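This briefing looks first at the chain as a whole and then at two residues taken in turn. Please keep the sequence and the model at hand while reading.

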Amino acid sequence: MGTHRRPRQRATGGGRARTAATLTLAGAATAAGLGGTGHADPQPTAAQVRARVDKLYQEAEVATEKYNGTKEKADAAEQRLEDLRDEAARKEDRLNTAREALGSVAAAQYRSGGLDPALQLALSSDPDRYLDGAAFAERAGSRQSAAVGRVRKELRDIEQLRGAARVEVASLKSRRAELRRHRETVNSKLEAARRLLSRLTAEERAGVGEATADGAPRASRAASAGPREGLATSAQAPNSRAAAAVAYAYRKLGSPYVWGATGPNAFDCSGLTQAAYRAAGISLPRTTYAQIDTGRRVSRSELLPGDLVFFYSGISHVGIYVGNGRMIHAPNPSAPVRVAPVDEMPFAGAARVA
């Protein structure tokens, strides 16, 4: 019986070993199937990464322009709120003055004793003097009514100002929440672009922004265009203000792109055009979609140096035309302010503001 049990024990042990081995092999096969090259996502090519990064930069720029527009509105709401608070403070000063005047009249009446006017006349030893005093009292009463009216008016005005201030506070709170959302969107897009770029070699990363989506090289100019070219282009501008804007843009070649920046050392696309025309004495709105409605629209065939050129269907990018089919613009975080061909992006329109 002992010899009979031992083989069965060996058989049982061998079965367990075989089962464990089978499970181990199955697990290894499963792991290989899940983590192996057969089921892994293929690595994108450098051209695909560049195309995706360009798309992310465009989406970030759309969010940037929304951020710029919201910030402009938030700044305006903050200024209105400050003005309302200043005006309320002035009204409260006037209210305090009116209250003091009303208090003086009330105190004088209290000191007079407040006897019935007919009785005062009957008891007066000098009726003529009394009648003169009664006329003065009547005038004082009129002044008191006027003082009361002033107090009431100041109170109404202050309450209206406080109501307007509450509206502006609510508007400002909403704008700030919107700013946070746009900021988060921009940062998430830029972070996604950075992660994609980290997959490329240094040489491949240097090509981002220099190639089209299909990988073909662009005929963009270097950021170090010489001052003579800038002077020549400015001379071709239709007037002195357009020439000044173009000259400013040339001086800023090589400046970094920073979203939300308006200079003097870094810019986003609409920040550059706004700063260039500010230097020329013209105030432009902050965003691309507002700038395109400034001045008058011109066709692509009518472009002159200094014209603003806009891109994409959502009017999310802008540059300054400098002649010969080229513009100066702040592209995206991968490239500084530079000269580039107008046809490197989908053309959406142009405006002449000078």
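What percentage of the contacts in the chain with a separation of 6 or more is accounted for by residues 24 or more positions apart? In this predicted model, residues 24 or more positions apart account for 66% of those contacts.

**The chain as a whole**
- The chain has nine helices and six strands, and buried residues make up 37% of its 354 residues.

**Lys91**
- Lys91 is found in helix α2, which spans residues 46–112.
- Because its relative accessibility is 11%, and buried means under 20%, Lys91 counts as buried.
- When its neighbours within four places in sequence are left aside, Lys91 is in contact with Lys153, Glu154, Asp157, Ile158 and Leu161.

**Arg166**
- Arg166 has its place in helix α4, which covers residues 127–197.
- Its relative accessibility of 51% is over the 50% cut-off, so Arg166 counts as exposed.
- The side chains of Arg166 and Glu159 are joined by a polar contact of 3.4 Å.
- Although Arg166 and Leu81 are 85 residues apart in sequence, their C-alpha atoms are 8.7 Å apart in space.

How values were computed: Residues numbered from 1 in each chain as written. Predicted model: local features only at pLDDT ≥ 70, side-chain atom pairs only at ≥ 80, totals over all residues. Heavy atoms only, no water. Helix = DSSP H or I, 4+ residues; strand = E, 2+ residues; numbered from the N terminus. Buried < 20%, exposed > 50% of the residue type's maximum accessible area, 1.4 Å probe, protein only. Polar contact = N/O pair within 3.5 Å; in protein donor to acceptor, adjacent residues only side chain to side chain. Contact = heavy atoms within 4.5 Å.
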